[in-house]
Amino acid sequence: MEDNNGKFRVYTLSNRCLIEKFSNKCLPAKCGKDQKYWEGSCYYFQRTIKMTWYYARKNCSKQTMTLISLETEREYEFVKKSYFQDKKFPVLIGLTDENQEGEFYWEGTGKILGSFTSWQPGEPNNQGLRENQVHININGWNDIDKNLPSYWVCEKILI
Ligand SMILES: [Ca+2]
Ligand SMILES: [Ca+2]
């Protein structure tokens, strides 16, 4: 990962700390007390209250976080582990096509949805022409109406 000057600063090698590239020093990951550090990001898992996408996003924003950008299979597995074994779902993620129908992007990074996806069969279907937010369910991702409450995950990328 590059810093603002375009120089390499730190990258992550472990689940516990950020490793500074040149010194090989372990920098303690600074996450809030209810947050979990994992591979360069802090995560906040909401597993007791369900909210709609915009309220969930606002809640993340209060913690200087965004709804999660679920960019790799590993990260998806990491999140599923926190919810699905306890039957806690669905779970909102930071994916939306609210700007242009069918053009999904991650609200946390602003990046267009990449090659990793895990849509449920037949999704995204933009049902009723009003499904622009996304949650994950036991069998994959689904675009949903913004008024459908779910649990959610916030993320803050540290590096
Ligand atoms: Ca849509
Ligand atoms: Ca749908």
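Read along the sequence, the chain follows the pattern β-β-β-β-β-α-β-α-β-β-β-β-β, with 2 helices and 11 strands. Helices (H or I, at least four residues) and strands (E, at least two) are DSSP runs, numbered from the N terminus. The structure is a predicted model, in which local features need pLDDT of at least 70, side-chain atom pairs count only at pLDDT 80 or more, and totals for chains, interfaces and linings use all residues. Residues are numbered from 1 along each chain as its sequence is written, while chains are lettered from A and ligands numbered from 1 in the order in which they are written.

The average pLDDT (the predictor's confidence in each residue, from 0 to 100) is 89 for the chain, and 90% of the residues score at least 70. Over residues 1–8 the pLDDT is below 50, and this stretch has 6 contacts in the model beyond near neighbours in sequence. Two residues are in contact if their C-beta atoms, placed from the backbone, lie within 7 Å. Of the contacts in the chain between residues at least 6 apart in sequence, 55% join residues at least 24 apart.

Strands β2 (residues 17–20) and β3 (residues 26–28) run antiparallel and are joined by 3 bridges; two strands pair if DSSP finds at least two bridges between them. L18 has L27 in β3 as its bridge partner. The two strands, β2 and β3, form a hairpin with 5 residues between them, and N24 in the turn has a positive phi of about 65°.

Buried residues make up 28% of the 159 residues in the chain. A residue counts as buried if 20 or more other C-beta atoms lie within 10 Å of its own, as exposed if 12 or fewer do, and as partly exposed in between. The largest nonpolar core has 28 residues, and those with the most contacts inside it are L67, I68, V91, I93, W152, V153 and C154. Such a core is a set of buried Ala, Val, Leu, Ile, Met, Phe, Trp, Tyr and Cys residues joined through C-beta atoms within 7 Å. At least two residues of this core come from each of β5 (41–51), α1 (53–62), α2 (73–83), β7 (91–96), β9 (131–137), β10 (140–145) and β11 (150–157). Leaving aside neighbours within four places in sequence, V153 is in contact with Y43, Y44, F45, I68, V79, V91 and I93.

Q35 lies in the loop between β3 and β4 (36–38). Q35 is partly exposed, because 19 other C-beta atoms lie within 10 Å. Not counting residues up to four places away in sequence, Q35 touches C42, Y43 and Y44. Q35 and C154 are 119 residues apart in sequence and 9.0 Å apart in space, C-alpha to C-alpha.
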